[in-house]
Amino acid sequence: MTVANPDGRVLVEHGALASMESHAGRRVGVENALQLSAVWACIRQTAQTIATLPLTHYARAADGGREPLDERLSEILTVSPNSEQTATEHWEGQIAWLLSNGNCYAERVNTGRRLSALLPLPASRCEPRRLSDGRVVYDINDRGKRDTLPADKVFHVKGFGFGGIKGLSAIRFGLQSIGSGLAADEMAAKMFANGMNPSGFLKFTGTLTPEQRDSTRELLTNFSGSSKAWKVLVLENGMDWQAATLNPEDAQMLETRQFSVEDICRWFGTPPVVIGHSAKGQTMWGSGVEQILISWMTQGLNPLMRRIESRIGRDLVRPERPGTYVEWNREGILQMESKAKAEFLQTLVNGGMMTPNEARTKLNLPSIPGGNTLLVQGAMITLDQLIARAKNEDTP
């Protein structure tokens, strides 16, 4: 199947994954884009980070607080969405599709009017379509068989976009950046396959016959490839070798490949430090990196989590349990070092904003008797209270 792109290029489907040709001459689709370490790391790091955070189904309490729920709907969303996957595996796959395709889909299986399972649908085989009456349906291509599902049978999370029925794919719109990265990797790999030996020229004193040319090519194949590096080539009958100079730094295209990593990170909203790439003069640890990670959480991960949470609330929770919602626990990302965390929790407990047992829960410690009462420091009192206390102590 071929699909025309708005810019005139044609998308050719490789199996189930469509690809486009970049100006660098490399075809770019989800499958081969993942062969680029920066793309793999951006998608893997984001998907794993979010999917491994605790996801909880809450009900709003009368006092303004919230209470965790434990029921069938909660189990589907937070424990086991279907008979084959855990919640971590399911949401990891959904987020990976959301980052690469701009959309993620799951079939909603109902028992009566209640949700009983979520079955993941590959985004590359699912296409939403708006009918003439305004309804949206989903065309599914599963192992050569096409089917159409109504909107109430598909759970669809849309990525960043302009308000249409589909989100935009970072891989498709990042075609040139990813294509350039693939081309640079391919060039460096071919240089290593040649034993880091640059190409050159064989010089002869006369004109070779066709048989001599074939014999020379066959001779050179015995000295090509990294496994045959450092073999000695014997030159005879006036043959001379002139190498094309190319140093190892040029062969690896270090600066080009380094820029490629940073450019690809922009498309996925992931700081290079998160995927193990530090800029010049920057270390992988320190207070500056901590601020980068906080920025990644607030500007990169949090919008993505809110996008999924709001879609879960609208399409899955509200029809069955109005007034409830699901939420990922962001605190798992903002872990701080031990001293800072102890001082932070102590400040909250002493200020009456958190009970001792709530603080112990943050440290994965068991509750203690009497630890559910809010405490407050009593050293700061008014002068009138101090005089009244002194008079009471002087009274027999």
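Which residue forms a salt bridge with D263, and how far apart are the closest N and O atoms? The partner is R266, and the closest N and O atoms lie 3.1 Å apart. This is a predicted model, and every distance below comes from its coordinates.

**Salt bridges**

D263 and R266 both sit in helix α9, which spans residues 254-268. They are three residues apart, about one turn of the helix. D263 has 16% relative accessibility, under the 20% limit, so it counts as buried. R266 has a relative accessible area of 56%, which is over 50%, so R266 is exposed.

Side chains of opposite charge can pair when their charged atoms come close. The model holds eleven salt bridges in total. Three of them are set out here.

| D263 | R266 | 3.1 Å |

D315 and R311 are four residues apart in helix α10 (residues 287-317), so about one helical turn separates them.

Is D315 buried or exposed? D315 has a relative accessibility of 12%, under the 20% limit, so it counts as buried. R311 is partly exposed, with a relative accessible area of 21%. R314 is partly exposed too, at 48%. Elsewhere, salt bridges that share partners join R306, E309 and R330 into one network.

**E89 in helix α4**

E89 lies in helix α4, residues 87-101. E89 has 41% relative accessibility, between the 20% and 50% limits, so it counts as partly exposed. Which backbone atom does the side chain of E89 reach? That atom is the backbone nitrogen of T86, at 3.1 Å. E89 can also be placed against T52, 37 residues away along the chain. The C-alpha atoms of E89 and T52 are separated by 8.9 Å.

**Nonpolar cores**

W91 belongs to the largest nonpolar core, which has 50 residues. Which residues have the most contacts inside that core? They are W91, I178, F268 and I312. Leaving out residues up to four places away in sequence, W91 touches A51, L55, L77, F155, I308, I312 and W328. A second, separate core has nine residues. Among them are Y105, C126, V136 and I140.

**The three-stranded sheet**

An open sheet of three strands has the order β9-β10-β11, with antiparallel pairing. Its edge strands are β9 (126-130) and β11, each pairing on one side only. Neighbouring strands in this sheet are turned by 25° against each other on average, direction ignored.

How many bridges join β10 to β11? Six bridges link β10 (residues 136-142) with β11 (residues 145-150), and the two strands run antiparallel. D139 stands opposite T148 in β11. In a regular strand the side chains alternate between the two faces of the sheet.

β10 and β11 form a hairpin, with two residues between them. R143 lies in the turn and has a positive phi of about 50°.

Technical notes: Residues are numbered from 1 along each chain as its sequence is written. This is a predicted model: local features need pLDDT of at least 70, side-chain atom pairs count only at pLDDT 80 or more; totals for chains, interfaces and linings use all residues. Side-chain values use heavy atoms; hydrogens and water are left out. A salt bridge is a side-chain nitrogen of Lys or Arg within 4 Å of a carboxyl oxygen of Asp or Glu. Buried means under 20% relative accessible area, exposed over 50%, partly exposed in between (1.4 Å probe, protein chains only). A polar contact is a pair of N or O atoms within 3.5 Å; within protein, one must be able to donate a hydrogen and the other to accept it, and residues adjacent in sequence count only if both atoms are side-chain atoms. A nonpolar core is a set of buried Ala, Val, Leu, Ile, Met, Phe, Trp, Tyr and Cys residues joined through side-chain atoms within 4.5 Å. Contact means heavy atoms within 4.5 Å. Two strands pair if DSSP finds at least two bridges between them. Axes are lines fitted to C-alpha atoms, for helices over the stretch in contact, and angles run from 0 to 180 degrees between N-to-C directions.
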